[in-house]
Amino acid sequence: MLRNREVQILLFIMGSLSLTTTVAAAFISSVAAVIVFILSILFIGSSLLFTRWRYRELEKLSVYLREISNGNYSLDVRDNQEGELSILKNDIYKVTLMLSEQRSFLQRDKLQLTDAISDISHQLKTPLTSMTVMADLLSDPDLPPAKRTEFTHNIRIQLERIDWLVSSLLKLSKIDAKTIHFKKDQILMKKLIQKALEPVLIPMDIKEQTVSIEGDDNVSFVGDFNWTTEALINILRNGVEHTHEGGAIAITISENALFTEIVISDNGKGIPKEDLPYIFKRFYKGKNAGEGSIGIGLAIAHSIIASQNGVIDVTSNSEKGTQFRIKFYKQVI
């Protein structure tokens, strides 16, 4: 403590003042000089004791901060008293809580990343293994032409599946990292739905399914046309996949002062009740999922809609099919 330059300056000033007052008191009387000298010693001693106490408190805080830097967030330094040190302790405790929460978030994100990498590895392993086997078979010169054509076609399908998976994961990662700038254009719902239907018209035609669109032609919302189309495509593909041949998909659009709503319904086999809370989680595949399902389409749709001030809910019944209800809320000024 005495090696501290600030303490040395304080002692020098106090010592100088004490010596000056003692000498001045000596001119009055020797008794006065003794009293001033004793009071000066007591004052300097009290100051040193107080400074020593503050040093000990600061040393405790230093130890506390070292514990925090080592990852120990369980210590509580608060004392609930008045004074500068108490305020400092309480502020340090608040920062400790913030660091603890951030650490928890980082650990959670790390676990999610680990799970995602594990899921991706699993999803890629199956098509890669299949292509490796078929590539080995294609190298056989005695392979019949029909089989060669079949294996080549299957390899192309697997490559398209891998391409779609990687592309979808890149989209999800960009949305999660908030690096995508969603446009805020005024979009007509009818135009958006017609665009989203284009990729699923052929699968619907193959399964002899019908689609109907109801709603005012002037219904619109503010958002990103291309990304919202991507979200609707994934929802419509899910409906086409889980609706039987000859089934129907109905799309209804409406608008009010608070939000614009899209309702996509099908009369398919529905989603089991136990799967409903998890269908928007990436890589989750329910009981009725198709053999080639990856479980990422609805996760992309949910992320895109949520990033544009929207919400998506789903209800399902094994007898009546599934209904997705999407709401894009308007900016209320």
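Mentor: Of the 333 residues of the protein chain, 33% count as buried, where buried means under 20% relative accessible area, exposed over 50%, and partly exposed in between, with a 1.4 Å probe and protein chains only. This is a predicted model, in which local features need pLDDT of at least 70 and side-chain atom pairs count only at pLDDT 80 or more, while totals for chains, interfaces and linings use all residues. Residues are numbered from 1 along each chain as its sequence is written, and side-chain values use heavy atoms, with hydrogens and water left out.

The chain has eight helices and seven strands, taken as DSSP runs (helices H or I, at least four residues; strands E, at least two) and numbered from the N terminus. Among contacts (heavy atoms within 4.5 Å) between residues at least 6 apart in sequence, 67% join residues at least 24 apart.

Take α7 to begin with. Two packed helices are described by the angle between their axes and the distance between the axes. Here the axes of α7 (residues 225-241) and α8 (residues 297-306) come within 8 Å and cross at roughly 145°; axes are lines fitted to C-alpha atoms, for helices over the stretch in contact, and angles run from 0 to 180 degrees between N-to-C directions. The crossing of α7 and α8 is left-handed, that is, the near helix is turned anticlockwise from the far one by less than a right angle, clockwise being right-handed. From α7 the contact draws on W227, T228, E230, A231, N234, I235 and N238, and from α8 on G297, L298, I300, A301, I304 and I305. The residues of this contact divide into eight nonpolar, four polar and one charged, counting Ala, Val, Leu, Ile, Met, Phe, Trp, Tyr, Cys and Pro as nonpolar, Asp, Glu, Lys and Arg as charged, and the others, Gly among them, as polar.

Another partner, α4 (residues 145-176), has 32 residues and reaches 46 Å from its first C-alpha to its last, close to the 46 Å expected at 1.5 Å a residue, the expected span being 1.5 Å times one less than the number of residues. Its buried residues are F151, I155, Q158, I162, L165, S168, L169, L172 and I175. An α-helix has 3.6 residues a turn, so residues three or four places apart point the same way. After α4 comes K178, whose phi is positive, near 60°.

R325 lies in β7 (residues 321-329) and E261 in strand β5 (residues 259-266), 64 residues apart; R325 is partly exposed at 29%, whereas E261 is buried at 10%. This pair belongs to a structure in which a search finds five salt bridges, another of them joining D217 and K190, with the closest N and O atoms 2.4 Å apart.

Notes
Salt bridge = Lys/Arg side-chain N within 4 Å of Asp/Glu carboxyl O.
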